[in-house]
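Colleague: I would like to learn how to read a few features of a model. Please take me through them one at a time.

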Amino acid sequence: MFHQILLQIFHKLNNERTVSAAYHVLRGKRSGQTIQDIGLFQLHNYFGLLPKLPRATFDEAVSTFSQYSWLNMQESGHYSMKKLGLQRAEQTATFLFDGWHYRGNEHAFFARLSLIVQSLSYHRADMHSFSPISKDPQVQAWVRAFLVNHNYQLGHLQQQLFEECQQVLTALPLADRQKQLVLYRLSGHSSPGWTWQQLASERKESVLDSQLAFIELLHTLLNEVHQNSTYALLGQIADGLRIKALLTDSAQQTAQLYEQGYSLEQIVQLRNLKQSTIEDHLVEIAMNEPNFSIGPFVSYEEAEKVWHASKHYQTKKLKALHEVVEGMSYFQLRLVLAKGEV
């Protein structure tokens, strides 16, 4: 799965970035360049899937792609996809990740769920002392409050949660083999969850591929829960985990000042930041806020010229567009590309 995801990202980047751009997407880097790439190349699903991905693991995959004649690598780090690589990328399945809206919070959801299940299992076995599956004090406090609020000692909570889990797994458009990952990872009294090594061996794949399959399952499950009000308990367990404020904290501060009527130059002074940094923020806002107008910076006619050139030359490279669209700054070009076609 990791190789398929990486190929799809390279395909979407359209040979216009270095391979490191894909690495930064998977790690969830919050730089202006990566955030812009997410919007330009529609990479939202893959953002932050593997925040701890070792560079060596990534480089090994790139080396494998070169050996398979999927990629042509240049010393600069730029690449071009060969015919075999393009065919392979186009043949891969569509994944259901939603990294942009969860950014690792899917693991917080499962930490809550697994500790709830473990607690209920031990309570049913009339055992009041056990080693919690999650050592995180915040998770433990959250689960303790959840159990008390639902009067777990009465015994109804376990049955309702079981029914909701059964219902949500049935609703997911994934193979049973993938849905079973949740069951294998849960722990209970006298029934420890499987390790990643055990799962990978059982599934005959790498540990990384098993972990990615699990993340996709959690993203799909969370989206089903958020879109359907029938999951009362799972909805509470998932509460607050879907990212609503998509802007970085710094960009959010710039957005608030801009909404108050301050100009770009005034914001630079007020925030004591470089103009290029504030421009990065405005590009990020253009990408994420549907009601944000780029009109004060770029005319409709100029935006049309940019998109015409982008289509004609089949590129979103700023340098290439800057050479063919006269009289426009790199900031204006970035705004137009971030906002989307007029």
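**Core, packing and backbone**

Modeller: In this predicted model, the largest nonpolar core has 107 residues, and Phe10 and Phe109 have the most contacts inside it. A nonpolar core is a set of buried Ala, Val, Leu, Ile, Met, Phe, Trp, Tyr and Cys residues joined through side-chain atoms within 4.5 Å. Buried means under 20% relative accessible area, exposed over 50%, and partly exposed in between, with a 1.4 Å probe and protein chains only. In soluble globular proteins, nonpolar side chains tend to be buried together.

Colleague: Which element gives the largest share of this core?

Modeller: That is α12, with 10 residues. Helices are DSSP runs of H or I with at least four residues, strands are runs of E with at least two, and both are numbered from the N terminus. As for Phe109, residues up to four places away in sequence are not counted, and it touches Leu218, Leu221, Leu222, Leu234, Ile237, Ala238 and Leu241. Contact means heavy atoms within 4.5 Å.

Colleague: At what angle do α10 and α12 pack?

Modeller: Axes are lines fitted to C-alpha atoms, for helices over the stretch in contact, and angles run from 0 to 180 degrees between N-to-C directions. Helix α10 (residues 176–185) and helix α12 (residues 207–227) pack at about 100 degrees, with axes 9 Å apart. They are therefore roughly perpendicular; that class covers 65 to 115 degrees, with under 35 roughly parallel, over 145 roughly antiparallel and the rest oblique. On the α10 side the contact is made by Gln178, Lys179, Leu181, Val182 and Arg185, and on the α12 side by Ser210, Ala213, Phe214, Glu216 and Leu217.

Colleague: Where does phi take a positive value in a residue other than glycine?

Modeller: Most residues other than glycine have a negative phi. Asn151 has phi near 50 degrees, and Ser190 has phi near 60 degrees. Asn151 lies in the loop between α8 (137–149) and α9 (156–171), and Ser190 in the loop between α10 and α11 (196–203). Asn151 counts as partly exposed because its relative accessibility is 46%; Ser190, at 66%, counts as exposed.

Colleague: Is Arg334 buried or exposed?

Modeller: Arg334 counts as buried, at 12% relative accessibility. This residue is in helix α19 (residues 330–339).

Colleague: What conventions apply here?

Modeller: Residues are numbered from 1 along each chain as its sequence is written, and side-chain values use heavy atoms, leaving out hydrogens and water. Local features need pLDDT of at least 70 and side-chain atom pairs 80 or more, while totals for chains, interfaces and linings use all residues.
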